[in-house]
Amino acid sequence: MKDRLMVALDVNRAEDALAMRDNLGDSIGWFKIGLRLFVAEGPALVATIRQQHRVFLDLKFHDIPNTVAQAIESAGNLGVEMVNVHAGGGDAMLAAAAESAAAFPDMKLIAVTVLTSDPMPKSQARDVALRRAAMAQDAGLDGVVCSVHEAAAIKQVCGSDFLTVTPGIRWGDQDVQDQKRVADPASAIAGGSDYLVVGRPILHAENPRSAALEALSMRESIAA
Ligand code: C5P
């Protein structure tokens with residue numbers, strides 16, 4: 001299970017990222033490095049985190065096909081094991097990204113369907129996410145980022161091998177903050193999520209390691 005938890009290192013200094021890495025240690029298998037940390041600390045920090053953990057580089061590329069293909073190549077050269085693009089970039093962009101990623105067989109290429117912070121109604125989000133997931137699969141991608149609420153339907157349409165990565169994870173009485181379509185860890189697993197992305201519930205916890213272990217140990221299903 002620890003290989004299915006990705007902790008979002010949404011901090012802006014290498015020393016804070018490394019302190020969190022050391023605190024969580026081998027309780028988790030993956031760190032997600034997103035815009036805040038990558039813009040601040042760049043590839044050197046990715047290389048350091050990679051020494052002990054797998055890295056999902058969450059930069060959500062969305063540009064013309066050629067530019068995205070080149071960015072995917074740069075991500076592959078960093079040795080990350082997952083990278084993503086926005087499905088909203090369209091099928092030509094997705095196909096270019098997939099072609100570029102094919103040179104890096106150990107790196108999964110994932111498309112963001114609908115942001116979990118998007119306020120659109122759940123049924124509409126599900127339709128859009130399903131359409132974009134099918135488009136990503138046709139273009140040769142390995143999976144999608146979606147909310148837990150769409151994961152099972154995506155698995156049904158795209159098959160169980162098509163990866164679902166789900167942010168918007170909250171449990172107990174945690175504040176949902178800017179997220180809209182949230183669910184707890186047990187519901188995520190039950191709903192077909194392959195990877196759970198957790199940021200603030202662990203980063204801002206009094207004891208981040210305990211929060212991570214709590215997320216890993218949750219078994220009861222209480223959809224939010
Ligand atoms: O703090 P929280 O658990 O809400 O963090 C979720 C993380 O997942 C953030 O780093 C955010 O950028 C990312 N993410 C997301 N929704 C998506 C894609 C990525 O929340 N659709």
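Okay, let's start with a pair of helices: H1 goes past H9 in a right-handed crossing. Bear in mind as I talk that this is a predicted model.

So where are these two? H1 covers residues 14-24 and H9 covers residues 208-217. Their axes sit 8 Å apart, and the packing angle comes out at about 55 degrees. Angles from 65 to 115 degrees would count as roughly perpendicular, and those under 35 as roughly parallel, so H1 and H9 end up oblique to each other.

Which residues do the touching? On the H1 side you've got Met 20, Asn 23 and Leu 24, and they meet Pro 208, Arg 209 and Ala 212 of H9. Sort the residues of that contact by type and you get four nonpolar, one polar and one charged.

Right, on to the sheet. Here eight strands close up into a barrel, and if you walk around, the order is E1-E2-E3-E4-E5-E6-E7-E8. The pairing is parallel. On average, neighbouring strands in this sheet are turned 25 degrees against each other, if you ignore direction.

Let me zoom in on one pair. E2 is residues 30-34, E3 is residues 54-61, and the two run parallel with five bridges joining them. If you want one to find on screen, look for Trp 30, whose bridge partner in E3 is Arg 54.

Last stop, helix H4, residues 91-101, which packs on the sheet. What does H4 touch there? Three strands: E3, then E4 at 82-86, and E5 at 108-112. Compare directions and H4 makes about 165 degrees with E4.

That's my tour, thanks.

Conventions
Residues are numbered from 1 along each chain as its sequence is written. This is a predicted model: local features need pLDDT of at least 70, side-chain atom pairs count only at pLDDT 80 or more; totals for chains, interfaces and linings use all residues. Side-chain values use heavy atoms; hydrogens and water are left out. Two strands pair if DSSP finds at least two bridges between them. Helices (H or I, at least four residues) and strands (E, at least two) are DSSP runs, numbered from the N terminus. Axes are lines fitted to C-alpha atoms, for helices over the stretch in contact, and angles run from 0 to 180 degrees between N-to-C directions. Contact means heavy atoms within 4.5 Å. Angles under 35 degrees count as roughly parallel, over 145 as roughly antiparallel, 65 to 115 as roughly perpendicular and the rest as oblique. A crossing is left-handed if the near helix is turned anticlockwise from the far one by less than a right angle, and right-handed if clockwise. Ala, Val, Leu, Ile, Met, Phe, Trp, Tyr, Cys and Pro count as nonpolar, Asp, Glu, Lys and Arg as charged, and the others, Gly among them, as polar.
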